[in-house]
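The following account leads the reader from the overall fold to selected elements of the chain.

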Amino acid sequence: MFNWSSGKDSALSLYKILQNPDYKIEYLLTSVNEQFQRISMHGVRVELLKAQAKSIGLPLKIMQVPEMPTMEVYETVMMQTLTALKKEGITHSVFGDIFLEDLRKYREDQLAKIGFQGVFPIWKIPSKELIDEFLQLGFKTIVVCVNERYLDKSFVGRIIDQNFIKDLPENVDLCGENGEFHTFTFDGPIFSEPINFEVGEIVYRKYEKPKNEDLSETACDTSASDAFDYGFWYCDLVPK
């Protein structure tokens with residue numbers, strides 16, 4: 001089972017794991033905001049997520065979660081999902097994480113509770129090397145969300161290329177691994193055809209600090225623990 005975020009790190013990780021004969025990917029699993037029917041944190045419409053899965057040629061499983069889940073709620077939904085998958089004989093869960101040790105430990109600890117193993121195809125590969133390989137392979141991705149703590153509105157809605165990379169401030173990871181930005185990948189070697197969309201409006205949202213202080217970005221598919229002290233710029237993608 002592959003944890004699919006719709007973004008570039010997921011795309012590159014899936015590309016690599018599909019070439020590994022030791023693994024067979026049965027499903028893409030994506031957490032979706034049940035209220036808005038958009039991918040958690042990325043804000044991408046479910047219609048485009050489904051279009052990705054169709055083009056990739058893998059069955060999609062959607063995990064419905066509240067907009068701002070507590071860790072308890074998130075973990076309950078995840079365990080229910082994994083339990084169902086385990087009954088089908090699935091034993092591994094693949095992630096596109098790069099270098100966040102705490103996040104990897106959290107994932108592995110949760111998976112161990114149900115007898116799953118985590119797989120991390122791009123773990124510890126330098127971000128510069130990853131983004132260069134991603135572009136060289138012919139992947140195309142657009143920035144759909146930026147954290148205003150790190151980037152301003154001008155970065156959202158941009159296609160990632162060498163000019164985008166050059167424009168990033170020095171304190172921003174080139175792959176956005178600290179939650180600086182999120183992407184939607186719409187073309188590349190894992191797709192049978194490009195995903196068609198139009199760039200819609202750009203909107204700003206600010207989230208309240210979660211009441212449960214134990215809630216980290218783990219449950220929300222991003223990284224910086226205090227990201228909710230800041231707002232986010234989103235670029236809506238409209239299916240064509």
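**Overall fold and a buried strand**

Of the 240 residues of the protein chain, 53% are buried, meaning under 20% relative accessible area with a 1.4 Å probe and protein chains only. This is a predicted model, in which local features need pLDDT of at least 70, side-chain atom pairs count only at pLDDT 80 or more, and totals for chains, interfaces and linings use all residues. Residues are numbered from 1 along each chain as its sequence is written, and side-chain values use heavy atoms, leaving out hydrogens and water.

The protein chain contains six helices and ten strands; these are DSSP runs numbered from the N terminus, helices being H or I of at least four residues and strands E of at least two. Its radius of gyration is 17 Å, close to the 18 Å given by the globule rule for 240 residues, so the chain is as compact as a globular protein of that length. The radius is taken over C-alpha atoms, and the rule is 2.2 Å times the number of residues to the power 0.38.

Strand S10 (residues 231-239) has seven of its nine residues buried, so the rest of the structure largely encloses it. S10 pairs in the antiparallel sense with S9 (residues 197-206) over eight bridges, pairing requiring at least two DSSP bridges between the strands. Within S10, Leu 237 is the bridge partner of Val 199. S7 (residues 140-147) also pairs with S10 in the antiparallel sense, over three bridges, and Tyr 234 of S10 is the bridge partner of Cys 145.

In helix H2 (residues 46-56), the buried residues include Val 46, Leu 49 and Ile 56. Just after H2, Gly 57 adopts a positive phi of about 90°.

Note on methods. Buried < 20%, exposed > 50% of the residue type's maximum accessible area, 1.4 Å probe, protein only.
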